[in-house]
Amino acid sequence: MLSGEGFYHLARTAYVQARKRLARRPIWIADNYGMVALEDVRKSIYDAASRHDVRFVVIDHLGHLAAMGKEDQTKETGNIIRECKRWSLDLAVHILLVAHLRKPSPSAHGKPQMEDLRGSSEVYQVADNVLLLGRSRGQTKCQCRVVKCRDDAGYEGTANLDFDERSLRYTPGEQ
């Protein structure tokens, strides 16, 4: 995003410059791809919070923590969500856990629904906030819906967004 261009089309020099700009920001990225053990994630988060005063953690995404071949995937998803919640409370950090949706049901009319999340009952029960981002492939207009806000004064509603394909950023859209 810092390059202002699509990642896959970056020249090596533009990539290096963007990485240097990123390195100057107060952010740490554990650059892993593929399955990661939940215990390894816990150790990283506890270390980052205690040694580097990290207060906001993004785990992208749930599918890299949950073994998709497990017999009871719903139970495993619930366990992961409860663990993330426990870490958040233990360390006083915010944890944003990204989860990809299943293919939406035909009755959803293109709008993601809470039920489109694997383990949705566990997500709804444990998570403090749930946001669903719906964007059709190839479209730049999208909508982010807050479908759960634990704070009683919280607002459950929508925000229109525009997706910039070059920088991979979502920006405020027309309301």
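First, a term: two strands pair if DSSP finds at least two bridges between them. Strands (E, at least two residues) and helices (H or I, at least four) are DSSP runs, numbered from the N terminus.

This is a predicted model, where local features need pLDDT of at least 70, side-chain atom pairs count only at pLDDT 80 or more, and totals for chains, interfaces and linings use all residues. Residues are numbered from 1 along each chain as its sequence is written, and side-chain values use heavy atoms, with hydrogens and water left out.

Start with E4 (residues 141-149) and E5 (residues 158-164). They pair in the antiparallel sense over five bridges. Lys141 stands opposite Asp162 in E5.

Now helix H3. Its 19 residues should span 27 Å at 1.5 Å a residue, and the end C-alpha atoms are 27 Å apart, which agrees. That expected span is 1.5 Å times one less than the number of residues. Just after H3, Ala92 takes a positive phi of about 55 degrees.

Last, the cores. A nonpolar core is a set of buried Ala, Val, Leu, Ile, Met, Phe, Trp, Tyr and Cys residues joined through side-chain atoms within 4.5 Å. Buried means under 20% relative accessible area, exposed over 50%, partly exposed in between (1.4 Å probe, protein chains only). The largest core has 15 residues, and Ile45 and Trp87 are among those with the most contacts inside it. H2 (38-52), E1 (56-60) and H3 (73-91) each supply at least two of its residues.
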